[in-house]
Amino acid sequence: MIRNLFHAFLAMSVLTVLVAYACSFTWSKISYDTINTVVPVSMIGISMWFGYKIVKQEPYAIWTPALLFLGHVALFRGIGPLVYVFSNAFTQEKIRYGPWSISDTELLDTHLLNGLGTSSILLGCLLFLVAFARPKSTALPTGPRISVMQAAVCFLVPGALIRYGVVIPNTFGITPAFLLPGFLLKLSFLVDIGFALLAFLAVRQGGAVKTIFWILFLPHYFTLFLEFKKSALMIGAILPIIGAYMGNRDIRRMALNLALLSVVYIGSQPIVHYARAELNEISGSIFGASFSQRIEIASGMIFGTTGSIDDIIAEDEAQSGWLRLSYAANQAIAMRNYDIAGPTDTIKSVWQVFIPRFIWPEKPSFIYLGSDFYYVITGRDTTVLVGSTIHADSYWNYGWWGVVFIGVAIGIFFGFASNLALIFLRRHEFIYLPAIMLSMDMAMRQLNGWVLTGFFGQLPFYFAFLAMIWILSQVITRLAKETAPPQSASQSMSHSAPSKAS
């Protein structure tokens with residue numbers, strides 16, 4: 001893993017130097033289009049190639065933020081910005097004019113920003129792994145372990161209770177609406193982790209386990225669809241895909257599933273937009289519609305009574321699914337504000353994120369960062385939230401040096417979390433998956449937000465999950481030791497240990 005990350009760092013660094021050289025010249029329109037095509041395509045190629053090499057060498061690496069970060073670069077820094085070159089005329093009209101418009105020069109500047117930021121994160125990751133990574137031989141299991149099925153149940157049961165007992169009733173208007181704590185929302189994803197482990201067992205064992213998986217998963221995924229949230233659809237699908245890959249180690253099948261999921265993601269944008277418009281019309285809010293009203297909207301799209309899915313996607317002339325993958329405009333506008341008006345102070349309140357809300361009930365919410373930035377761009381004061389990305393936020397606060405130092409800091413954490421994830425997974429300690437998943441989410445999605453919320457704000461949750469799971473695993477292991485008959489204790493240990501085939 002270290003060798004491939006090092007090669008990715010070298011390739012990305014060389015690309016960044018070439019982009020910096022290109023930024024020192026003024027080019028023709030055709031030349032800008034060519035450069036602004038070659039650079040993101042190169043980012044896609046570097047990220048995907050070395051990501052593939054890492055997974056091929058170490059299958060468990062698919063659960064690490066180091067690998068997910070390469071996926072993030074390919075998706076949001078490669079595929080996304082290509083919308084400025086290859087999109088249709090309607091989309092070009094939308095992105096080239098109005099408050100979100102940026103010039104070809106600014107687009108090239110964002111490629112330099114992303115190249116430098118990506119190289120810095122890879123450097124930080126390498127610094128930790130080279131200094132502290134533990135070899136495989138030191139990560140072997142040394143005692144009784146919680147089995148995969150036990151871990152799956154530990155996630156499915158409380159996750160389902162939280163999701164279907166609290167989150168869904170609140171979201172679907174079954175109970176009076178109230179502000180759900182962020183920690184509770186994160187715990188609702190335990191059920192998705194449980195399905196990842198169930199998919200692992202379904203592939204390994206087949207039979208009844210496979211039947212149970214589909215009986216439980218299909219209605220669960222339908223409720224994810226009824227939320228009309230792309231993130232819920234993606235997380236709910238990608239985790240079982242990863243779990244199945246851990247069971248069969250078929251990288252081609254996983255690649256095909258992920259490619260299909262990418263198509264679903266792009267196609268889901270107009271569907272979600274249409275559904276939310278219907279929700280607003282019915283209840284005045286995207287959160288207040290009842291379960292039956294959501295069923296009516298979904299059935300209308302599926303059966304074409306109010307507008308078929310095919311028609312909704314076909315009518316999306318602005319290619320909104322592709323646009324959602326690009327943060328080039330957000331980045332360019334943040335960079336423009338720094339260059340014209342000087343630094344902002346969006347990171348100054350970083351100390352506040354480490355104080356739990358139960359200690360400080362009046363702790364301010366940081367959603368103002370997204371709404372304030374939307375106001376900066378459009379001049380409209382609404383509740384719409386947008387992110388600038390970690391790299392652009394670093395630049396807006398501290399310039400190019402901020403991009404480097406904050407990027408290295410993030411990379412060091414990714415190196416730490418990746419190394420820890422590999423240790424747990426090689427031992428088959430799947431009970432730690434909630435913390436592992438949180439670090440993966442930071443690498444894949446949170447980097448599109450703000451330094452304060454997308455990085456520092458996630459650290460307390462990550463370490464809290466680690467502490468809670470460690471305590472839980474110790475309690476479960478001790479109870480298993482105390483209740484197991486002496487003659488069957490060794491058999492229990494042997495049964496729960498990972499097999500050589502794993």
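Colour the model by pLDDT, the predictor's confidence in each residue from 0 to 100. The protein's mean is 81, and 78% of its residues reach 70 or more. This is a predicted model, where local features need pLDDT of at least 70, side-chain atom pairs count only at pLDDT 80 or more, and totals for chains, interfaces and linings use all residues. Residues are numbered from 1 along each chain as its sequence is written, and side-chain values use heavy atoms, leaving out hydrogens and water.

**Confidence**

Select helix α1, residues 2–23: among the elements, its mean pLDDT is the highest, at 95. Now select helix α22, residues 489–496, which has the lowest, 43. Where pLDDT is low, the predicted coordinates should not be read in detail.

**Aromatic rings**

Show the rings of Phe, Tyr and Trp. The structure holds 30 aromatic pairs. Rings pair if their centres lie within 6.5 Å, using the six-membered ring of Trp; planes under 30 degrees apart count as stacked, over 60 as edge-to-face and the rest as tilted.

Go to phenylalanine 213 and tryptophan 214. They are edge-to-face, 5.0 Å centre to centre with 80° between the planes. Which of the two is buried? Phenylalanine 213 is, at 6% relative accessibility, while tryptophan 214 is partly exposed at 42%. (Buried means under 20% relative accessible area, exposed over 50%, partly exposed in between, with a 1.4 Å probe and protein chains only.)

Next, pick phenylalanine 416 and tyrosine 462. Their centres are 6.5 Å apart and their planes at 75°, so this pair is edge-to-face. It links distant parts of the chain: phenylalanine 416 lies in helix α18 (residues 390–426) and tyrosine 462 in helix α21 (residues 459–483), 46 residues apart. Tyrosine 462 is buried at 2%; phenylalanine 416 is partly exposed at 25%. Both belong to one aromatic cluster, which also includes Phe69, Phe128 and Phe463.

**Cores**

Select Leu5, Trp63, Phe414, Leu433 and Ile436. Of the 114 residues in the largest nonpolar core, these touch the most other members. (Such a core is a set of buried Ala, Val, Leu, Ile, Met, Phe, Trp, Tyr and Cys residues joined through side-chain atoms within 4.5 Å.) Another core, of 17 residues, lies apart from it, with Val353 and Phe366 among them.

Methods
Helices (H or I, at least four residues) and strands (E, at least two) are DSSP runs, numbered from the N terminus.
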